[in-house]
Amino acid sequence: MDFFIKHLLSVLIFFPVVSIFLLLPVNKKNEWLLRNLSTFLSLVEFIFSLYLFIYFRPNTYKFQFVEKFNWIPSFGASYFLGIDGVSLFLILLTTLLTFVSLLSSYRYIKTHVKEFVILMLLLETFMLGTFAALDVLLFYLFWEFMLIPMYFIIGMWGTGNRVYSAVKFVLYTLSGSLIMLFGLIYIFIMHYDQTGNFTFNILRLYNTHISDGLQLILFIALFLGFAIKIPLFPFHTWLPDAHTEAPTAGSVILAGVLLKFGVYGFFRFAIPLLPRAAFALAPFVIVLSVIGILYGAFVSIVQKDLKRLVAFSSVSHMGFIMLGLFAMSAISIDGSVIQLLNHGIATGALFLFVGMLYERMHTRQIKDFGGIAKKAPIFTAFFMISVLASVGLPGLNGFIGEFLILVGAFRSYPVLTIIGASGIIFAAVYLLWMFQRVMFQDVTNPAAENFEDMNLREIITILPLIILMFLIGFYPMPFLERIDPTVLHFLSAINHHKAVYNLIKLKTGLSNA
Amino acid sequence: MHNMPLIYGMNFLEKSMLSIIPETVIIIFAFMVLFLAFFEKLAKRKNSYYLSLIGIGFSILYVLMLSDRNIYGFYGSVVFNGFEVFLFIAILFSGMFTVLMSKDYMENSGMPAPEYYSLILFGLSAMMFLVSSNNLIMVFLSIEFMSICAYILTGYIKGDTRSTEAALKYFILGAFASAFLLFGAVFIYAATGHLNLYAIHSFLENISYAGSNKAVGGIGIKIYISAGLVMFLVGLAFKMSLFPFHSWTPDAYDGAPTPITNFMATGIKLAAFAIFLRIYSLIYNFNIMNFNDILWLLAVFSMTFGNIAALLSSNIKRLLAYSSIAQAGYILIGIIGGGFYGYSGTLFYLLAYIFMTAGAFAVVVIFENSDIISLDIKRYAGIGYKYPFIAAAMSFFLLSFAGIPLTSGFMGKFYVFSSAVKSGYNWLVLIALLNSAFAAFYYIKIIVKMYMPDKEPASPPLNSSGDNLGIISGAIDDGLMLTIIICLILTLLMGVFPQIFINFANNSADLLWRI
């Protein structure tokens with residue numbers, strides 16, 4: 001047990017790989033076993049990950065569950081894992097959503113089941129590794145390889161223009177990551193020039209001295225990599241395609257976990273490595289975020305395709321998260337991290353409902369639905385809760401995150417925050433209007449006449465997410481008390497640079513006068 | 001005679017012979033394979049196949065036995081030390097893969113086998129001579145030896161017009177390149193009075209430390225040397241298939257028998273890069289002319305051109321040929337980056353490149369042999385479901401070409417790119433990274449074809465034995481399977497646990513300078 005707890009992160013990362021080896025000998029015709037075994041194994045993985053939560057010490061910013069072994073001494077790269085309050089919850093979210101999406105695809109995935117479950121588990125390994133890695137090379141390894149299983153999931157089980165979407169997704173993110181790689185290599189070499197040691201240890205790389213001009217260039221390089229992943233406003237064009245064409249499980253993972261990597265990358269790498277550039281460019285990023293909030297909301301309103309609507313709502317929600325992160329106040333960053341979870345939970349749930357609708361009606365066009373509420377009360381209730389959580393109704397999780405973000409950001413960027421806050425109103429418009437058109441009104445489509453209500457499997461799929469919506473909405477303390485110390489430490493680490501940055505601004509201002 | 005470090009109590013001849021033992025073994029076996037053709041009973045394809053493998057095995061054994069030696073043979077014309085050990089092993093692996101791939105291919109095409117295998121072995125020995133040569137004449141002779149073997153092998157498919165055309169193109173252009181090489185060597189000799197690379201090195205060192213040109217023969221020397229080095233570079237760049245000298249590559253790769261394409265893409269390229277690395281680090285590095293700028297241009301053009309052309313080609317062999325031009329550009333970045341770190345990165349990348357290329361070609365040969373899938377990429381549609389293992393392996397090799405992590409291609413790229421950043425070539429690295437992103441498109445295009453066909457797989461059904469194991473109805477050759485498995489394991493290993501290979505490359509790069 002002691003060994004287990006000590007190496008819990010490695011166990012978590014590699015358990016899905018072990019699961020894959022358990023699944024390999026299963027005959028591909030035996031789909032029942034494949035589905036159930038893989039779901040069961042991902043449930044075991046989720047239960048393992050709960051140990052992280054149990055044994056995680058709150059009220060400290062220090063990295064926990066640290067493991068460190070030499071990996072490539074020539075590059076100073078090590079197998080260095082550890083989590084803090086932020087990555088803890090992202091890891092829990094990942095294991096939960098993997099379980100949920102495997103459980104959700106019993107009906108959706110009809111062909112090549114074996115390949116599908118193997119790719120999902122492979123994806124899980126790489127997602128967990130990305131959140132746990134504290135070594136830049138290790139992080140990059142996990143980060144970039146993650147694209148491959150996702151690419152197959154979209155391309156092989158997607159709908160419509162799936163190949164185009166999959167290739168677009170890979171090429172977009174790959175281009176971003178490669179430019180980011182340039183930035184990371186540059187920082188790595190700079191650190192070598194300054195200390196004479198090769199190291200990829202992120203905690204040591206934080207101490208690299210980088211001049212202000214260079215910070216800006218490197219920040220832009222890293223920014224491209226992370227912003228495409230989020231995606232921030234002008235870089236979002238891959239997202240609607242990928243989300244819309246992906247199978248339900250793919251969309252859930254894509255929205256629930258993959259988008260979080262961009263924000264996590266800013267939090268863990270871009271801002272602490274290049275704090276002054278982050279301060280200098282923060283207004284710029286915030287403007288983009290606010291544009292993203294409004295743009296995502298406006299485009300969502302006019303969508304005819306249900307899944308595209310949810311996809312564009314992601315752009316809007318991710319804008320909120322970036323607004324909170326770059327406002328750089330403790331409250332707003334707390335809100336951002338909470339909102340990361342909320343978005344994963346609520347948008348994940350929305351994609352699941354869209355998937356269920358699609359499985360039953362074989363359409364995603366909003367106009368084809370209507371009057372479902374009468375036929376399927378359980379479905380309607382759960383769908384309603386998820387929509388309201390996404391809108392940000394008090395008492396549900398979305399409210400907590402958005403409230404914290406807006407309160408925290410208001411002090412530094414009052415005007416932009418107010419403009420951004422209107423995004424919540426628009427969210428109510430597009431989500432509730434959508435809900436009305438889909439669930440209420442008259443039945444127009446004969447297929448809706450015998451709409452089945454949710455069965456037990458689907459209820460089990462959705463229930464953990466609904467519980468979390470209420471839990472975070474009513475009692476966010478267990479989350480906040482773990483996130484807050486990390487965020488405070490993050491701020492205190494970069495605030496020193498803020499002082500320097502202000503001083504420089506002051507000086508240049510004086511010299512101009 | 002030069003001051004040569006003496007090996008304990010060994011006389012000149014013994015030492016010289018020792019320095020070329022691995023090559024000699026290969027040549028002896030090449031003759032043995034050739035002699036098989038005299039006896040009707042023995043001249044079966046299988047015999048020459050196994051004999052060649054045994055020869056390569058013995059040669060590897062000798063290389064390993066001599067691996068800690070540092071031998072100068074034939075008045076310093078031939079060197080054998082850690083640098084050679086690394087490259088010999090890589091070259092012998094490339095030869096081994098070529099032989100392994102050939103068995104069924106020869107069977108199907110009905111060409112005479114002993115000559116074919118002996119030519120491969122002769123080519124191998126020539127590559128090894130080239131890598132260990134330390135003398136301009138040696139360099140020229142071994143390049144010629146190697147090229148002649150390659151010309152013949154390229155045109156080996158008798159009666160096939162494409163093959164003959166490829167051989168002729170390769171030969172004519174190759175002859176030009178050799179002329180340039182020789183002319184360059186003449187210029188260098190005229191300027192320095194030396195043929196030995198180390199001697200030229202110390203001569204140039206004297207010039208650059210003397211500062212003024214008058215002391216050692218005036219401005220004329222610089223002009224001669226520059227002209228010589230440029231022409232020498234042209235000759236070598238032809239063999240490395242760098243951009244303006246690449247035009248033979250797609251035709252020769254396409255027309256040659258596929259195992260020979262692999263031989264050219266891995267072995268010849270490796271040998272050419274290795275000798276360029278040695279000559280570059282010894283001679284070009286002086287401030288006679290800014291050769292790094294020339295190489296910079298060559299690298300950028302090779303990458304960009306190779307990738308664009310690969311994007312447009314629909315034949316898998318041509319695509320791999322163009323992609324190999326692009327890969328040559330990436331490898332060159334390591335040499336430009338320079339220094340211990342850069343050279344070691346170059347060697348690492350070369351090793352990684354061999355395994356991924358050989359693996360990819362092995363897959364191509366499998367489908368070519370089985371006659372169900374031609375070289376057209378369109379015919380690869382849907383094979384991902386029919387042959388899961390082979391298709392997965394192919395995808396992995398392609399991802400390695402694209403430089404996705406977990407593959408040796410990523411580690412190699414990371415290594416050479418970081419060495420270039422270290423030396424301040426930021427733009428070069430940025431261009432290379434953008435190129436990698438661009439290149440990913442056409443590698444992924446093949447994966448798309450294999451796994452995501454537009455409609456359900458239209459490729460003709462197999463012998464209806466309902467085979468689910470991913471192996472083409474038992475007809476698959478063990479040699480090819482072995483090649484794929486070895487390449488797969490090593491590509492993965494070099495991508496995940498590269499440290500052993502880095503140590504090996506470091507060791508080798510370290511000895512490059514030990515004069």
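## Close-up views of a two-chain predicted model

**View 1. Helix 11 of chain B and helix 14 of chain B are roughly antiparallel to each other, as their packing angle shows.** Everything in these views comes from a predicted model. Two packed helices are described by the angle between their axes and the distance between the axes. Here, helix 11 (residues 258–284) and helix 14 (residues 339–369) of chain B pack at about 170°, and their axes are 8 Å apart. On the helix 11 side, look for residues including Leu270(B), Phe273(B) and Leu277(B). Among their partners on helix 14 are Leu350(B), Ile354(B) and Phe361(B). Sorted by class, this contact has 15 nonpolar, 6 polar and 2 charged residues.

**View 2. Helix 6 of chain B meets helix 7 of chain B.** How far apart are the axes of helix 6 and helix 7 of chain B, and at what angle do they cross? The axes of helix 6 (residues 136–154) and helix 7 (residues 161–192) come within 9 Å and cross at roughly 175°. That angle makes helix 6 of chain B roughly antiparallel to helix 7 of chain B. The contact divides into 14 nonpolar residues, 4 polar ones and 1 charged one.

**View 3. Chain B touches chain A.** This contact draws 39 residues from chain B and 36 residues from chain A. About 3500 Å² is buried between the two chains, and carbon and sulfur atoms give 83% of that area. Which residues of chain B lose the most area to chain A? They are Tyr385(B), Phe414(B) and Met452(B), together accounting for 18% of what the chain B side buries. Between the chains, the count of salt bridges is 0, and 3 residue pairs are in polar contact.

View 4. Helix 18 of chain B gives the largest share, with 13 residues. By class, the side of chain B that touches chain A has 29 nonpolar, 8 polar and 2 charged residues.

**View 5. A salt bridge joins Arg276(A) and Asp212(A).** Side chains of opposite charge can pair when their charged atoms come close. In this pair, the closest N and O atoms are 3.1 Å apart. Arg276(A) sits in helix 13 (residues 275–301) and Asp212(A) in helix 10 (residues 212–229) of chain A, so the pair ties together parts that are 64 residues apart in sequence. Over all chains, the whole structure has 18 salt bridges.

**View 6. Two spots in the backbone of chain A.** Most residues other than glycine have a negative phi, and most peptide bonds are trans. Ile230(A) and Pro231(A) are joined by a cis peptide bond, with omega about -10°. Pro231(A) belongs to the loop between helix 10 and helix 11 (238–245) of chain A. His112(A) has a positive phi, near 50°. You can find His112(A) in the loop between helix 4 (85–104) and helix 5 (113–132) of chain A.

How values were computed. Residues are numbered from 1 along each chain as its sequence is written. Chains are lettered from A and ligands numbered from 1 in the order in which they are written. This is a predicted model: local features need pLDDT of at least 70, side-chain atom pairs count only at pLDDT 80 or more; totals for chains, interfaces and linings use all residues. Side-chain values use heavy atoms; hydrogens and water are left out. Contact means heavy atoms within 4.5 Å. Buried area is the accessible area (1.4 Å probe) that two parts lose on being put together, summed over both. A salt bridge is a side-chain nitrogen of Lys or Arg within 4 Å of a carboxyl oxygen of Asp or Glu. A polar contact is a pair of N or O atoms within 3.5 Å; within protein, one must be able to donate a hydrogen and the other to accept it, and residues adjacent in sequence count only if both atoms are side-chain atoms. Helices (H or I, at least four residues) and strands (E, at least two) are DSSP runs, numbered from the N terminus. Ala, Val, Leu, Ile, Met, Phe, Trp, Tyr, Cys and Pro count as nonpolar, Asp, Glu, Lys and Arg as charged, and the others, Gly among them, as polar. Axes are lines fitted to C-alpha atoms, for helices over the stretch in contact, and angles run from 0 to 180 degrees between N-to-C directions. Angles under 35 degrees count as roughly parallel, over 145 as roughly antiparallel, 65 to 115 as roughly perpendicular and the rest as oblique.
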